[in-house]
Amino acid sequence: MELLAQNPFYELSALLALAAAVGLVGLMLRQPLIVAFIATGILAGPDALGIVHSAEQIDLLAEIGIAVLLFLVGLKLDVQIVRSLGAVAVATGLGQVGFTAGIGFLICLALGLDWITSAYVAVALTFSSTIIIVKLLSDKREVDSLHGRIALGFLIVQDIFVVLAMVALSAYGVGADKGSSGMGVPGVLLSGLVMVGLVWLFIRYVAERLLRRVSRLPELMLTFALAWAVLFAALADWLGLGKEIGGLLAGVSLASTSFREAVASRLSSLRDFLLLFFFIGLGSRLDLDLLGSMVPEALALSAFVLAGNPLIVLLIMGAMGYRKRTGFLAGLTVAQISEFSLIFMGMGLTLGHVLPASVGLVTLVGLITITLSTYMIIYSQTLYRIFEPWLDFAERAVPHRESSQDQGADGMGRHDVLLFGLGRYGFELGKILTERGAKVMGVDFDPRVVERWRTRGNEGTYGDAADPEFPASLPVSGISWVVIATTPLAPGVTHSDNRLALIEGLRQAGYEGRIAVRCDDPWDARRMTAAGVDTILMPFVDAAGQAADVLGFPTDADGGGQQRATA
């Protein structure tokens, strides 16, 4: 350890090696990267391995990381996106924030915390991790499902609340700190208004043109975005507004441009790298003995977040006319706190409003809730099947929000094909089948895709293949083929395979016709064949065979492709 203290390069090497090792363990446990980062910070601290010695350098990288993180949050706050938020996203987001903050504040008081610390902790408990939720939903291919889209909607509402909370905290801190410019509160607020006005002018007249020019050299995009975030953070800090507000305004200034997603994709990996140092700096300041004494309080608050947040989302969505299943799956996504919770507590610690013990308490809550909620989201379908008998209280007699989208499944004529999955492959397959005279009914869990299918004059209905009650509502009588064209899971992944659940549900609903399933690899094809599937569709293999025919290299064995496709 003496060698590490003498050479910052050796120290950085040791920290990165530790982060990689802990991250690998987290990967094996199927945990998000933020859990590994928090654990790395604690392990690198003085009460464990004692690796951290260059506190100033680590703090500098941490500050840049926070600026970049808030820059990316600002990039999502496009005015058009905020305006397009539906009533369910606003109601659920505000309801969850209000419920968690209010009840959390009372729980903290009951645990013996003073009212200022209780207020800080209660607000910190309201934030959910967009990074984690989007990653898990993407891995499960549920981002475009109804509950996934609703969850992303109220996460935007949460992000807006994060912004307001940090702005309020920065404004409160102005009273105690006049900022590097030496201006008092009126001067700082005036400077803030001027800065917001300049950002508005930049958005209106400069942003799109500037980003179009920068995009001509894609390699410059990362440098430009990082410089933009840090420059705004430095300017806002000099004015007394705080680096966090500066980073946020930098993102907002580019949020309305058509290059928003390109900028975000360039910075996301750098954000993860820099946030590592925030958690290392945080962990190096934690007293493990003090953390151990706060386990009971952390468990109580974690139980509230893990159960209370999903419950309030379930109740609000049920009252608004959604099915209990949709509310349950959407509610599970907010059963954790966020990296913003720790940043918010860090701001309070800097201002002298809270003690390190309260930061440690929220850190423990973060470790517990993020770890457990990850498994809750991964195994959400299994959890729903377990709790489904006790969830009737959260569903109206007529869940009209989804019933209106399911009307296409009732009263329709006879069909030849029931097609699940209207993505690129499924949509094209359905179009060709229709052109060849087949009557196709399309089913997808994305209402927008179903509407696009219907605009072509086709019959279609919204539905989630993983819903065990859904197959029974389908018009399976007279159907000769069920085609499951949804994207398969990654090779080797067997949990939460909605295709198998759908096949079982169709058989239980009385369907006796043939079933074809899309597979992308032989391993998956063998598994589907063992499940009783009649025909395996392999788009890439089929397309490659047709391409070889076009190139003048036809198959030697006539009908070999058909033999491959039919089990």
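Colleague: How many cavities of 30 Å³ or more does the structure hold?
Modeller: This is a predicted model, in which local features need pLDDT of at least 70 and side-chain atom pairs count only at pLDDT 80 or more, while totals for chains, interfaces and linings use all residues. Residues are numbered from 1 along each chain as its sequence is written, and side-chain values use heavy atoms, with hydrogens and water left out. A cavity is a set of points, on a 1 Å grid over the protein atoms alone, where a 1.4 Å probe fits but cannot get out, and its volume is the space filled by probe spheres set on the points, which are joined across faces, edges and corners. The number of cavities of 30 Å³ or more is two.

Colleague: What is the volume of the second largest cavity?
Modeller: Its lining residues, those with an atom within 4 Å of a point, are Leu 137, Glu 142, His 147, Leu 329, Leu 332, Thr 333, Ile 377 and Ser 380. By class, the lining has four nonpolar, three polar and one charged residues. The volume of the second largest cavity is about 50 Å³.

Colleague: Is strand β2 largely enclosed or largely open?
Modeller: Strands are DSSP runs of E with at least two residues, and helices are runs of H or I with at least four, numbered from the N terminus. Buried means under 20% relative accessible area, with exposed over 50% and partly exposed in between, for a 1.4 Å probe and protein chains only. Val 440, Gly 442 and Asp 444 point one way from β2, Met 441 and Val 443 point the other way, and all are buried. Because five of the five residues of β2 (residues 440–444) are buried, the strand is largely enclosed.

Colleague: In β3, which residue is the bridge partner of Met 441?
Modeller: Two strands pair if DSSP finds at least two bridges between them. β2 and strand β3 (residues 459–462) pair in the parallel sense over four bridges. In β3, the bridge partner of Met 441 is Glu 459.

Colleague: Is Thr 40 buried or exposed?
Modeller: Thr 40 lies in helix α3 (residues 33–44). Not counting residues up to four places away in sequence, Thr 40 touches Leu 15, Leu 18, Ala 19, Val 22, Leu 276 and Ile 280, where contact means heavy atoms within 4.5 Å. With a relative accessible area of 0%, Thr 40 is buried.

Terms used: 1 Å grid on protein atoms, 1.4 Å probe; cavity = no way out; pocket = protein on both sides within 12 Å on 5 of 7 lines; lining within 4 Å. Nonpolar A, V, L, I, M, F, W, Y, C, P; charged D, E, K, R; others polar.
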